[in-house]
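Please keep the structure open while you read, and look up each place as it comes.

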Amino acid sequence: MESESKRKKESPNTAELAVTASFPDEVLEIVLSLLTSHRDRSSVSLVCKDWYRAERWSRTQVFIGNCYSVSPEILTRRFPNIRSVTLKGKPRFSDFNLVPPNWGADIHAWLVAFAAKYPFLEELRLKRMAVSDESLEFLASNFPNFKLLSLLSCDGFSTDGLAAIATHCKNLTELDIQENGIEDSSGSWLSCFPESFTSLEVLNFANLTSEVNTDALERLVSRCKSLKVLKVNKSISLEQLQRLLVRAPQLEELGTGSFLQDLTARPYADLESAFNNCKNIHTLSGLWEAVPLYLPALYNSCANLTFLNLSYTALQSGEFAKLVVHCPRLRRLWVLDTVEDKGLEAVGSNCPLLEELRVFPADPFDEEIIHGVTEEGFVAVSFGCRRLHYVLYFCRQMTNAAVATIVQNCPNFTHFRLCIMTPGLPDYLTNEPMDEAFGAVVKTCSKLQRLSVSGLLTDLTFEYIGKYAKNLETLSVAFAGRSDRGMQCVLEGCPKLRKLEIRDCPFGNEALLSGLEKYESMRSLWMSACNVTMNACRRLAKQMPRLNVEVMKEDGSDDSQADKVYIYRTVAGPRRDAPPSVLTL
């Protein structure tokens, strides 16, 4: 009794705890403003009503991974002071033309809501959204403080929309246009920036195809003394690039134009001098159609490079090796497989700080191609680059032993995306499935967050993934597995799984319905060319009303087979803009 009485005296009651834990709103909002992670802020908002309210009023940035997971009205009601929005639209498989072109993800309704509730909006980052010229004109006219526009893999607009942004956004600091399906009528939009405009810090129009007004571009670059990032398209010649570099020696990231030009000794010397004077460059990309003769002009400016993106230029192994030997501080490298294994061996020998490697196929549809990379190049990189933790590797062949060696050398992989380009290809030396390769990945790499599997795979691979990949968030599967058991293993394991992408696999209704308890904690599930029926999709939709279950059929029919299924959690209910080819169940 004595000890119990003592404990009662020493233990504060709930009211005392509430007083102790409470902070003035101003203090709490300042503390919360220091949290930069969207996930951390969302967690904080669940602590109590006071924290929810403080987080609501203090949040200025929002990330929405699926534009149909929430509505503009719900967003603006929840967060009244947003100044920066990142919004993703179509599923990733739209990059492979597996999503109908009129699928949706139109930005306009969002902009109308933002104009009413967020007139102070400053930043908008869009990925795989449908963006029209009218939307860009609306954006330019309704947000007087607008500063940053990033469009990645968007479509529906033209250079007329960019002209509206250039004309009306007086405070613009960043215009980043990447990999968009854009109607590129002319480069005259660059001349729409007012002569008094000087605020630009980032300008990227590398994927536009038309000729640009180089006089207007040079004047713009000259005026914007804070310009740090400039990525031009391949219409810019080496002599024009040299003039731009002279006007912007402060650049930190550079995307060059074409390297295909006949230069005499004097222009070449001027180009080399211009590169040498740009002492802050740490990121280099472009080099469209690079001629080996002119690559030495870059050598002196490569010493401080941390990111080299050569995914637009088909360098051969010899010329690539001569370039990469000058890049000892490289942390990120993107190349085409034309560099071959010899080129990757040079990376392993000269880039000990490398953390990210992406090797893309120069021609993924040419089965008779003689160049490319194999397991030998990957192994060579793993021996020399022990900090490697992100890889996207397209190759023609691979072995279980090679992958086991790679992850043994580099056990800290967070992203491991291996694409053996011939579907269902086994270990080419033993003719065994590639199960043990990916088993080695998930057993060894405890920090793994994203995994893409390929090659001949049985259900054993997915048993390994379910058992060992405890931090996995995204899994991409194609042409793999033997039965429903494979997908079931992943859904039963992988507690942090958020995105599951499956195509051309034998997984069916039993596999789909095994995830009923999992899907609400995930962001999305994609299944195409699998053995799923409409009845199973209807059953899932009925049992999980907070999920949107969408089936894509080109003819809009309601026959038994579900060709492409996209399932995602939402608080907004079924969307109202689905085309006839998308059936919402």
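Below are my notes, as numbered points.

1. A word on the model. This is a predicted model, in which local features need pLDDT of at least 70 and side-chain atom pairs count only at pLDDT 80 or more, while totals for chains, interfaces and linings use all residues. Residues are numbered from 1 along each chain as its sequence is written, and side-chain values use heavy atoms, with hydrogens and water left out.

2. Start with strand β21, residues 547–552. Helices (H or I, at least four residues) and strands (E, at least two) are DSSP runs, numbered from the N terminus. Six of the six residues of β21 are buried, so the rest of the structure largely encloses this strand. Here buried means under 20% relative accessible area, exposed over 50%, and partly exposed in between (1.4 Å probe, protein chains only). Both faces are covered: L547, V549 and V551 are buried on one side, and N548, E550 and M552 on the other.

3. Now look at the partners of β21. Two strands pair if DSSP finds at least two bridges between them. Strand β22 (residues 564–569) runs antiparallel to β21 and is joined to it by six bridges; L547 stands opposite R569 there. Strand β23 (residues 582–584) is also antiparallel to β21, with three bridges, and V551 faces L583 across that pairing.

4. For a parallel case, turn to β13 (residues 332–336) and β14, which are joined by five bridges. W334 has R358 in β14 as its bridge partner. Strand β14 (residues 356–360) is mostly covered, with four of its five residues buried.

5. Next, a pair of helices. The axes of α17 (residues 435–444) and α18 (residues 459–468) come within 8 Å and cross at roughly 5°. Axes are lines fitted to C-alpha atoms, for helices over the stretch in contact, and angles run from 0 to 180 degrees between N-to-C directions. That crossing makes α17 roughly parallel to α18, a label for angles under 35 degrees. Contact means heavy atoms within 4.5 Å; among the residues making it are F438 and V442 of α17 and Y464 and I465 of α18.

6. Finally, where does R128 sit? R128 lies in the loop between β3 (123–127) and α8 (133–142), and is buried, with a relative accessible area of 11%. Not counting residues up to four places away in sequence, R128 touches several residues, including G89, K90, L152 and C154.

Key
Angles under 35 degrees count as roughly parallel, over 145 as roughly antiparallel, 65 to 115 as roughly perpendicular and the rest as oblique.
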